[in-house]
Amino acid sequence: LLVVLGTDFVQRGTLAVLPLVAGLPFALLVAAILYLNQFPDRQADEAAGKRTLVVYWGAKKARWGYVVLTAMAYLWLALAVGVGALPLWCGLAWLPVAFSLKASLALLKHATEPALLTPAIQATIAAANLNGLLLALGLVLSA
């Protein structure tokens, strides 16, 4: 999110609300990628003394953090479009919710089985990338 805000600030010379509103869903989905990637490394991180959230909470409890991150991304987007803070075309960025849902279900089922999380990681990366691209497309189409 700081990259989006910083880039916009450099171009405008002032802070604006739109980049914050538009960038938050993408930032949350990127955070979900980083969060999900903690699960396959949990045992090694624990052995090395790293206290990631997944190590601290344990896989069964920590899996809900992913669900919260992705849900917040899509709920924020829906709210922003719903109240008119983002143009209606930005609703296109909701389409990758299917990838996030697929990843959420896989993580809920296999949080303690790192070898089975590769499809969830791939779906999470796809969701974040598509969300960003579709949000940008929505902004362009509404201009």
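Reader: Is Lys50 buried, exposed or partly exposed, and what is its relative accessible area?

Author: This is a predicted model. Buried means under 20% relative accessible area and exposed means over 50%, with partly exposed in between. Lys50 has a relative accessible area of 48%, so Lys50 is partly exposed.

Reader: Which residue does the side chain of Lys50 meet in a salt bridge?

Author: For a salt bridge, look for a side-chain nitrogen of Lys or Arg within 4 Å of a carboxyl oxygen of Asp or Glu. The side chain of Lys50 meets that of Asp45, at 3.9 Å from N to O. Asp45 has a relative accessible area of 11%, so Asp45 is buried. Lys50, again, is partly exposed.

Reader: How many salt bridges does the structure hold?

Author: The structure holds 2. Arg12 and Asp8 also meet through their side chains in a salt bridge, with 2.7 Å from N to O.

Reader: Where do Arg12 and Asp8 sit in helix α1?

Author: Helix α1 covers residues 2-12. Arg12 and Asp8 are 4 residues apart there, so about one helical turn separates them. Arg12 is partly exposed at 47% relative accessible area. Asp8 is buried, with 14% relative accessibility.

Reader: What describes two packed helices?

Author: Two things: the angle between their axes and the distance between the axes. Take helix α2, residues 17-36, and α7. Their axes lie 9 Å apart, at an angle of about 165 degrees. An angle over 145 degrees counts as roughly antiparallel, so α2 is roughly antiparallel to α7. The crossing of α2 past α7 is left-handed.

Reader: Which residues of α2 and α7 meet?

Author: From α2, they include Phe26, Leu29 and Ile33. From α7, they include Ile121, Ile125 and Ala128. The residues of this contact of α2 with α7 divide into 14 nonpolar, 3 polar and no charged.

Reader: At roughly what angle do the axes of α5 and α7 cross?

Author: Helix α5 spans residues 59-82, and helix α7 spans residues 118-142. Their axes cross at roughly 15 degrees and come within 13 Å. An angle under 35 degrees counts as roughly parallel, so α5 is roughly parallel to α7. α5 passes α7 in a left-handed crossing.

Reader: Which residues make the contact of α5 and α7?

Author: α5 brings Tyr66, Tyr74 and Leu77. α7 brings Thr124, Ala127, Asn131 and Leu135. The contact of α5 with α7 has 5 nonpolar residues, 2 polar and no charged.

Definitions and conventions
Residues are numbered from 1 along each chain as its sequence is written. This is a predicted model: local features need pLDDT of at least 70, side-chain atom pairs count only at pLDDT 80 or more; totals for chains, interfaces and linings use all residues. Side-chain values use heavy atoms; hydrogens and water are left out. Helices (H or I, at least four residues) and strands (E, at least two) are DSSP runs, numbered from the N terminus. Buried means under 20% relative accessible area, exposed over 50%, partly exposed in between (1.4 Å probe, protein chains only). Axes are lines fitted to C-alpha atoms, for helices over the stretch in contact, and angles run from 0 to 180 degrees between N-to-C directions. Angles under 35 degrees count as roughly parallel, over 145 as roughly antiparallel, 65 to 115 as roughly perpendicular and the rest as oblique. A crossing is left-handed if the near helix is turned anticlockwise from the far one by less than a right angle, and right-handed if clockwise. Contact means heavy atoms within 4.5 Å. Ala, Val, Leu, Ile, Met, Phe, Trp, Tyr, Cys and Pro count as nonpolar, Asp, Glu, Lys and Arg as charged, and the others, Gly among them, as polar.
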